[in-house]
Amino acid sequence: MTDGPADDRERDAAMSELLGIRSSIDNIDAALIHLLAERFKFTQQVGRLKAAHGLPPADPERERRQIARLRGLAIDAHLDPAFAEKWFNFVVAEVIHHHEALAGGAPGTAGDER
């Protein structure tokens, strides 16, 4: 026998728990967006400094060190290190794009945060 009052209460309790978990996920997503925004403010500063001094937009050696560091942090946090590396590579590609735009002087393309 299913769909009785006990089943309805269990389903309602599960839905309530689900809503609470989703609310926590939404809060974490918001925090991640704010953290990424802060990170990009600093990478814009790096890009302007590199552009002003003729430094290359990319730093493969630093990227290699960061990947190794982040993979270790991911393992410690029980997160798939391959996922952490993919995330970092995605972010670095965007940062390099911004740095190249700054070096080329393309107006408005690199998020001019001063």
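## Where H2 meets H3

In this predicted model, the axes of helix H2 (residues 60-76) and helix H3 (residues 81-104) come within 8 Å and cross at roughly 145°. Those axes are lines fitted to C-alpha atoms, for helices over the stretch in contact, with angles from 0 to 180 degrees between N-to-C directions. The crossing of H2 past H3 is right-handed, meaning that the near helix is turned clockwise from the far one by less than a right angle.

Who does the touching? On the H2 side, the contact (heavy atoms within 4.5 Å) includes Glu 63, Leu 70 and Arg 71, while H3 brings Trp 87, Phe 88 and Asn 89, among others. Sorted by type, the contact residues look like this:

| Type in the H2-H3 contact | Residues |
|---|---|
| Nonpolar (Ala, Val, Leu, Ile, Met, Phe, Trp, Tyr, Cys, Pro) | eleven |
| Polar (the others, Gly among them) | two |
| Charged (Asp, Glu, Lys, Arg) | three |

Leu 70 is a handy one to click on: leaving out residues up to four places away in sequence, Leu 70 touches Ala 84, Trp 87 and Phe 88.

## The core

Which residues make up the largest nonpolar core? It's a set of five: Ile 67, Leu 70, Phe 88, Val 92 and Ile 96. A core here is a set of buried Ala, Val, Leu, Ile, Met, Phe, Trp, Tyr and Cys residues joined through side-chain atoms within 4.5 Å, where buried means under 20% relative accessible area with a 1.4 Å probe, protein chains only. H2 and H3 are the elements that give two or more residues to this core, and H3 has the largest share, with three.

## The rest of the chain

Zooming out, the protein chain has three helices and zero strands, as DSSP runs of at least four residues for helices (H or I) and at least two for strands (E), numbered from the N terminus. Of its 114 residues, 18% are buried. Among contacts with a separation of 6 or more, 59% join residues 24 or more positions apart.

Helix H1 (residues 5-52) holds Val 46, which counts as partly exposed because its relative accessibility is 37%, between the buried limit and the over 50% needed for exposed. Val 46 lies 9.6 Å from Val 95, C-alpha to C-alpha, though they're 49 residues apart in sequence.

Residues are numbered from 1 along each chain as its sequence is written, and side-chain values use heavy atoms, with hydrogens and water left out. Local features need pLDDT of at least 70 and side-chain atom pairs count only at pLDDT 80 or more, while totals for chains, interfaces and linings use all residues.
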